[in-house]
Amino acid sequence: MSAITTFIKHHYRHFNSAALVDAAEAYNAHLSAGGKMFMTIAGAMSTAELGLSLAEMIRQDKVHGICCTGANLEEDVFNLVAHDFYERVPHYRDLTPADEAALLNRHMNRVTDTCIPEMEAMRRIENEVLKEWVRADKAGERLFPHEFMYKILLSGDLKASYQIDPKDSWLLAAAEKNLPMFVPGWEDATLGNMYAGHCISGDVRKVHTVRTGIEYMMELAEWYTNTTGKTPLGFFQIGGGIAGDFPICVVPMLHQDLQREHVPLWAYFCQISDSTTSYGSYSGAVPNEKITWGKLGENTPKFIIESDASIVAPLVFAYVLGW
């Protein structure tokens, strides 16, 4: 075993650390048995630079599809081209309203302890993707949000602007593999807001030039059906919210709404969450609750690691990768 895996196996014996080991070993067992893994990414994991480990998971075929928020889709690219302009604020808990206003005046958008520079990151990528929105709009083409991002990455137009090693960009790794991607609620992201603005101003004349979340669900239904017809499919969830809830619902939709028989359930489930079990919270629901919704089975391997995903996810990935 490698150094990290050896350390984890020796020290991580109880409580959430033991759950991490159990989940990682079951992840490997699922892949070894011929299964595939679907991953969901919530929160601000791209700004947390999850690509340092996730990109290699994608390259080594340890991840076979992703559902993420619009923020995670774009923030990996923001980091790719503007990393040197980011600022870390380790004392963010001590900031006063005046301190926050000073960051705003400098166009530094804070995500916990990290400030994203508006001009170098957000507006830089807006300029690139706007060209593709306008081109597609005039040509009568319609693409999903991730397809526009794949296009600008694979075009090579941004290469001269890279400020990190491109092997650490998980979205670039996904684009190079044309990894199946689903981005529900993209309208909530920075680029989604910008797109709405360009539709209002008339730069983009057809609002449906960017395809919608309902169409994403239709695509997911087809992909899930085709994939699970050949191999079991697991579900690895980072955080909660729409990134996790949207795709896991494809199973009851196929079975209960479309009345299809013999729809395979998710074959593995793990969630990393710092949302403690609570009343009415999807993020805080224990995995067994999903049995009642027809998402998981009674005997599905189920794990929940109640901890900070920025700590846990790289360790699980390191274990799976054998680092």
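Visitor: How far apart are the mean positions of the positive and negative charges?
Guide: They are 5 Å apart. The protein has 27 positive and 40 negative charges. Keep in mind that this is a predicted model.

Visitor: And how many salt bridges does the count come to?
Guide: The count comes to 18 salt bridges.

Visitor: Give me one. Which residue does Glu56 meet in a salt bridge?
Guide: Arg59. The N to O distance is 2.9 Å.

Visitor: What is the relative accessibility of Glu56?
Guide: Glu56 is at 22%, so it counts as partly exposed. Arg59 is partly exposed too, with a relative accessible area of 30%.

Visitor: Next one. Which residue forms a salt bridge with Arg123?
Guide: Glu126. The closest N and O atoms are 2.9 Å apart.

Visitor: Which helix holds that pair?
Guide: Helix α6, residues 118-139. Glu126 and Arg123 are three residues apart, which means a separation of about one helical turn.

Visitor: Is Glu126 buried or exposed?
Guide: Glu126 counts as buried, at 10% relative accessibility. The cut-off for buried is under 20%.

Visitor: What about Arg142? Which side chain does it meet in a salt bridge?
Guide: Arg142 meets Glu215, at 2.8 Å from N to O. This pair links distant parts of the chain, 73 residues apart. Arg142 is in the loop between α6 and α7 (145-154). Glu215 is in helix α10, residues 213-228.

Visitor: How accessible are they?
Guide: Arg142 has a relative accessible area of 36%, so it is partly exposed. Glu215 is buried, with 16%.

Visitor: Which residues are joined with them into one network?
Guide: Arg211 and Glu219. Salt bridges with shared partners tie Arg142, Arg211, Glu215 and Glu219 together.

Visitor: Zooming out. How many helices and strands are there?
Guide: The protein has 13 helices and nine strands.

Visitor: And how does the radius of gyration sit against the globule rule?
Guide: The radius of gyration is 20 Å. The globule rule gives 20 Å for 323 residues, so the protein is as compact as a globular protein of that length.

Visitor: What box do the C-alpha atoms fill?
Guide: Roughly 55 × 50 × 40 Å, taken along the principal axes.

Visitor: What share of the residues is buried?
Guide: Buried residues make up 51% of the 323.

Visitor: Contacts, then. Of those between residues at least 6 apart in sequence, what share joins residues at least 24 apart?
Guide: That share is 77%.

Visitor: Last topic, His10. Where does it lie?
Guide: His10 lies in helix α1, residues 3-11. At 47% relative accessibility, His10 counts as partly exposed.

Visitor: How far is its C-alpha atom from that of Gly70?
Guide: The C-alpha atoms of His10 and Gly70 are separated by 38 Å. Along the chain, His10 and Gly70 are 60 residues apart.

Definitions and conventions
Residues are numbered from 1 along each chain as its sequence is written. This is a predicted model: local features need pLDDT of at least 70, side-chain atom pairs count only at pLDDT 80 or more; totals for chains, interfaces and linings use all residues. Side-chain values use heavy atoms; hydrogens and water are left out. Helices (H or I, at least four residues) and strands (E, at least two) are DSSP runs, numbered from the N terminus. The radius of gyration is taken over C-alpha atoms; the globule rule is 2.2 Å times the number of residues to the power 0.38. Buried means under 20% relative accessible area, exposed over 50%, partly exposed in between (1.4 Å probe, protein chains only). Contact means heavy atoms within 4.5 Å. Lys and Arg count as positive and Asp and Glu as negative; His and the chain ends are not counted. The place of a charge is taken as NZ of Lys, CZ of Arg, CG of Asp or CD of Glu. A salt bridge is a side-chain nitrogen of Lys or Arg within 4 Å of a carboxyl oxygen of Asp or Glu.
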